[in-house]
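Please keep the structure in view while reading.

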Amino acid sequence: MNFAMLTRHNADVALTYDELLKRYEALQLRVTRFSAVEQRLVDAQYQLDEELGRFARIHAFTSKAIHVGSDQAFADMVAEALLDVFEQEFSLFWPVDNDGRLLPAPIAVQGMRAPPPEPAELATWVETRLQHMKEKTKVVPRELLAQLPQAFDFAHLVIGFCQDQKGKTIAVVLTGITHDKSDFHTPLTLERIQSFQVFVQKVSSLAMNRRNNAIIAQQMLHIQQSEERLKLAIEGSNTGFWDWDLVTGQVVFSPLWKSMLGYADDEIANSSQEWESRLHPEDLARSLERVQRHLRGETPAFDNLARIRHKDGHYVWILARGRALRDAHGKVYRFVGTHFDMTQHKALEHRLREAEDLQRVAREQAEAASRAKSIFVASMSHEIRTPMNGVLGMLQLLNDTPLSESQMELVSNAEKSATALLDVIGDILDLSKVEAGKVDLENQTFQPAALFEEVSTLMKVRSEAKDIQLKLSLPPAMPAWVKGDAGRLRQILINLIGNAIKFTDHGGVTVEVETTPMEGSTTMVKLEVVVRDTGIGFSEGFIEHLFEPFSQYDGSTKRRHDGTGLGLAISRSLIELMGGRITAKSQPGEGSEFGITLCLPVTEAPQNHAKEIPVAPATLQFDGRVLVVEDNPTGQTVARLMLQKFGFNVDLAANGQEGVAMALAGDYRFVLMDCQMPVMDGFEATTAIRCTESKSGQEPVPILALTANVQPSDIEKCLQCGMDDFLPKPLRKDALVAKMVKWLT
């Protein structure tokens with residue numbers, strides 16, 4: 001357009017300058033917008049090329065990671081790929097255990113400054129994200145990065161959670177940039193995170209494949225090991241097997257199965273007839289019946305012990321066990337099992353039966369010997385105590401008559417000797433009961449302080465006779481009442497203190513008692529008693545023999561100290577029977593120390609507790625008639641003279657039958673009843689008296705047993721037949737007085 005035309009056009013349009021300026025600016029804006037769109041297209045193309053490059057590198061990583069060997073190499077490859085694919089500064093691969101917790105440290109780290117910060121603090125922070133994040137990938141906001149410890153100077157961080165098919169996290173990958181390198185790396189923003197999500201998914205798939213392959217390899221290894229163990233077990237146990245295909249009829253016998261019968265593998269054909277033809281004729285029918293019953297489904301498993309002929313002609317015992325395999329319709333198609341040579345077992349079983357028979361005979365002989373011993377001891381006790389009753393009784397009566405000083409000394413010495421003989425008899429009885437296991441412990445309430453005081457008072461007579469001092473020390477906090485066998489505890493204390501006094505010539509004996517509550521219990525107390533003396537002592541080598549029966553430190557024929565050597569053996573057996581223990585220590589010439597420890601339950605005072613009735617003096621007088629049923633003339637005389645001194649008229653019966661007639665016909669204050677008598681014993685006589693009294697309504701007369709059998713079972717038998725109380729032989733005047741006070745006052 002020339003100037004003339006423009007002039008004419010402008011004249012026609014009649015545009016002003018301002019309008020022309022506006023049109024120019026609009027045209028410039030359009031040009032600018034077109035340039036921006038063009039730039040965005042260029043940027044998009046660049047980003048697309050960049051993402052395509054990342055996907056290509058992810059594909060290359062995947063192809064390479066499939067064939068990697070170890071887990072460590074795989075983790076290193078993942079960490080390297082994070083830096084290579086996404087061009088970040090650092091990366092971590094951090095596995096998660098089965099409980100959903102990170103391992104103590106990541107197993108692969110790339111790009112972190114050296115030395116790396118402590119991973120424990122980062123682990124706590126990441127595990128918190130594990131609990132709250134639902135996304136598999138996450139660009140961590142700046143406010144959360146600010147919560148990290150200062151050692152982790154992260155300017156940008158992306159987390160990916162690798163998960164299995166069920167959504168359980170198996171590993172965590174982290175990549176990002178620190179503040180120091182932020183100018184050299186491009187952050188992975190939300191707009192650029194798609195490729196990171198693909199990478200995390202690929203890592204998850206690869207990790208699960210590796211885990212599954214490891215599981216399969218482990219299972220295959222276990223199967224292989226199981227097969228090897230089974231093979232070794234079969235070979236080591238010398239067990240043969242057989243496999244019977246019921247469809248084809250073919251049977252396979254293992255080489256071990258054949259070798260049990262003395263054959264090589266090629267010497268027996270694989271046929272069921274080979275087994276059947278070698279069965280012992282007596283076992284054939286039963287064995288075939290067991291097979292058929294199992295194949296019919298009547299037994300859950302096949303089990304058969306039979307004799308099979310060996311190659312050299314003898315028979316071996318073979319235990320066969322097997323099971324039939326059935327198809328879906330219940331039809332048997334296979335029958336498999338094992339053979340085990342039981343010949344040696346049968347021989348051992350036979351020898352074991354012989355040994356059991358010998359043991360049974362030996363046990364019966366031992367029991368018979370024990371019974372004979374018990375009968376012998378009981379008989380000897382009765383036979384010795386009966387004449388001793390006359391000896392001690394007469395000595396007591398003689399002591400009540402006017403005697404010269406020399407005569408009193410002779411009577412006193414004779415009474416001491418008789419008492420010592422009774423102690424020996426008592427020790428032998430106790431040892432016999434302990435060895436026979438016939439000691440029955442009582443469980444009664446008693447006062448421990450009173451028991452110790454009683455024993456101390458009793459033993460002081462012995463210590464004062466030797467001019468030595470006996471001291472008793474009781475704790476202030478001792479329980480008032482406990483439960484146990486006071487009689488057996490008294491016997492143990494008398495044995496220990498008596499021994500201490502016997503072997504001490506100068507100085508003294510101390511008895512120290514301590515009680516402490518049992519730990520963890522408010523109802524049990526531990527009782528500790530220590531008996532110390534300043535006697536002759538004994539060597540350490542003798543301690544192992546100290547508690548053996550008839551064991552004495554001075555075993556020569558010139559012993560200075562008498563005794564049977566049974567006290568300590570009985571004491572140890574009794575204390576162990578009560579659940580306690582006994583100890584000893586000593587040095588020759590330096591005295592001895594014996595200790596017992598026993599746990600006892602603490603209890604309250606019994607409701608019927610009352611003070612003991614004091615023993616009446618021997619000068620106490622009674623009136624009335626007393627019946628003495630006793631077959632021994634000497635025993636009759638002792639009892640009659642003792643009772644007459646107390647003012648009684650005494651009638652005598654020589655056997656139980658006479659005693660029954662006289663007791664029912666007369667008016668007696670009480671009856672002394674011997675237990676072992678001719679015609680009718682004391683038990684039968686007492687039963688007859690009680691039956692007649694019950695039928696006629698008579699007032700029961702007190703019947704006191706008077707017997708030389710002093711075992712607890714004998715006393716129990718006396719009470720069960722109707723007797724009221726018990727007096728042991730030899731009859732002692734003080735014991736008789738106590739019973740008279742009890743039953744007559």
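Begin with helix α15, which covers residues 567–577. Its buried residues are Gly567, Leu568, Ala569, Ile570, Ser571, Leu574 and Ile575. In an α-helix there are 3.6 residues a turn, so residues three or four places apart point the same way. In the helix at hand, Leu574 and Ile575 are buried, as are Ser571 and Ile570. Just after α15, Gly579 has a positive phi of about 90°. The model is a predicted one, and local features such as these are described where pLDDT is at least 70.

The largest nonpolar core contains 40 residues, and Val529 and Ile596 have the most contacts inside it. Helix α15 is among the elements that each supply at least two residues of this core; the others are α12 (448–465), α13 (486–502), β14 (508–517), β15 (524–533), β16 (581–586) and β17 (592–601). The element that gives the most is α13, with 8 residues.

Which residues does Val529 touch, leaving aside its neighbours within four places in sequence? Val529 is in contact with Phe452, Leu493, Val511, Glu512, Val513, Phe594, Gly595 and Ile596.

From the cores, turn to an open space in the model. The second largest pocket has a volume of about 340 Å³. Its lining is made up of 14 residues, and those nearest its centre are Asp71, Phe93, Pro95, Ile170 and Arg211. Two or more lining residues come from each of α3 (71–86), β1 (90–95), β5 (169–178) and α6 (194–236). Helix α6 contributes the most to this lining, with 4 residues. What kinds of residue make up the lining of this pocket? There are 10 nonpolar and 4 charged residues, and no polar ones.

Last comes the chain as a whole. It has 745 residues, of which 37% count as buried. Its secondary structure consists of 20 helices and 22 strands. Among contacts with a separation of 6 or more, 63% are between residues 24 or more positions apart. The accessible surface of the chain is about 43,000 Å², and 54% of that surface belongs to carbon and sulfur atoms.

Technical notes. Residues numbered from 1 in each chain as written. Predicted model: local features only at pLDDT ≥ 70, side-chain atom pairs only at ≥ 80, totals over all residues. Heavy atoms only, no water. 1 Å grid on protein atoms, 1.4 Å probe; cavity = no way out; pocket = protein on both sides within 12 Å on 5 of 7 lines; lining within 4 Å. Points joined across faces, edges and corners; volume = space filled by probe spheres on them. Nonpolar A, V, L, I, M, F, W, Y, C, P; charged D, E, K, R; others polar. Buried < 20%, exposed > 50% of the residue type's maximum accessible area, 1.4 Å probe, protein only. Contact = heavy atoms within 4.5 Å. Areas by Shrake-Rupley, 256 points an atom, 1.4 Å probe, with all protein chains shown as cover. Core = buried A, V, L, I, M, F, W, Y, C linked by side-chain atoms within 4.5 Å.
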